[in-house]
Amino acid sequence: MASVRIVVASEHHSTQEIADRVGTRLRERGHDVEVHTLCSGDAWFPPVGPLLIGSAVHDGAWLPEADHFVKKYADELGSRPVWMYSVGMTAALPRPLRALSARAEQPRIARLVDLVHPREHRRFSGVIRRGHLGRKGAVLFRLLGCRYGDHRDWAEIDAWAAGISRALEYGLT
């Protein structure tokens with residue numbers, strides 16, 4: 001079984017909880033997993049082996065610490081099996097905007113994906129609470145008809161973890 005490292009940047013813990021869940025699912029399938037939270041100015045880089053990188057998405061971009069990590073280690077990341085995931089608020093949007101958002105490419109995130117060429121980049125919805133937004137953001141959120149709450153699809157996240165595990169088990173990396 002593989003020794004997998006997960007690095008994550010999370011502001012309100014939703015993205016961290018997804019990393020923890022994926023780590024748990026991979027451990028259940030026999031993999032050694034270490035989850036590391038990226039901090040500002042973080043110089044830590046995991047040893048060789050499979051790597052998952054996740055970040056919350058704010059204003060169409062990964063959090064600065066995740067952005068910095070990918071840019072700093074792009075060369076090293078390109079030589080190993082990497083999966084990436086982004087956590088935003090697509091599921092909180094009203095249905096017509098949700099469909100548009102699901103198809104929309106976020107250029108700053110796409111550039112990071114292009115630097116790494118991961119096995120896969122997934123987008124998940126996270127948790128959005130009133131306290132996560134400033135006054136202007138909360139007004140816009142409500143005007144757009146968005147919904148607060150936990151929008152994570154745990155079955156989808158578990159299935160993604162299972163797919164990663166299968167790829168690792170069968171050497172599809």
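Guide: Let us begin with a term: two residues are in contact when they have heavy atoms within 4.5 Å of each other. Please note also that this is a predicted model.

Visitor: Which residues of α2 meet which residues of α5?
Guide: On the α2 side they are Asp67, Val70 and Lys71, and they meet Leu112, Leu115 and Val116 of α5. Of the residues in this contact, 4 are nonpolar and 2 are charged, with no polar ones.

Visitor: At roughly what angle do the axes of α2 and α5 cross?
Guide: Helix α2 spans residues 64–72 and helix α5 spans residues 107–116; their axes cross at roughly 30 degrees and come within 9 Å.

Visitor: Why is α2 called roughly parallel to α5?
Guide: Because angles under 35 degrees count as roughly parallel, the crossing at roughly 30 degrees makes α2 roughly parallel to α5.

Visitor: And is that crossing left-handed or right-handed?
Guide: Helix α2 passes α5 in a left-handed crossing.

Visitor: Changing topic, how do α1 and α7 pack?
Guide: The axes of α1 and α7 (residues 154–169) lie 9 Å apart, at an angle of about 50 degrees. That angle makes α1 oblique to α7, and their crossing is right-handed.

Visitor: Which residues make that contact?
Guide: Helix α1 contributes residues including Ile18, Arg21 and Val22, while among those from α7 are Trp154, Ile157 and Trp160. By class, the contact of α1 with α7 has 8 nonpolar, 4 charged and 1 polar residues.

Visitor: What about the strands: how many bridges join β1 to β2?
Guide: There are 6 bridges between β1 (residues 3–9) and β2 (residues 32–37), and the two strands run parallel. For valine 4, the bridge partner in β2 is valine 33.

Visitor: Through which helix does the chain cross from β1 to β2?
Guide: The chain passes through α1, residues 14–28, and this β-α-β crossover is right-handed.

Key. Residues are numbered from 1 along each chain as its sequence is written. This is a predicted model: local features need pLDDT of at least 70, side-chain atom pairs count only at pLDDT 80 or more; totals for chains, interfaces and linings use all residues. Side-chain values use heavy atoms; hydrogens and water are left out. Two strands pair if DSSP finds at least two bridges between them. Helices (H or I, at least four residues) and strands (E, at least two) are DSSP runs, numbered from the N terminus. A crossover is right-handed if, with the strands pointing away from the viewer, the path from the first strand over the helix to the second runs clockwise. Axes are lines fitted to C-alpha atoms, for helices over the stretch in contact, and angles run from 0 to 180 degrees between N-to-C directions. Angles under 35 degrees count as roughly parallel, over 145 as roughly antiparallel, 65 to 115 as roughly perpendicular and the rest as oblique. A crossing is left-handed if the near helix is turned anticlockwise from the far one by less than a right angle, and right-handed if clockwise. Ala, Val, Leu, Ile, Met, Phe, Trp, Tyr, Cys and Pro count as nonpolar, Asp, Glu, Lys and Arg as charged, and the others, Gly among them, as polar.
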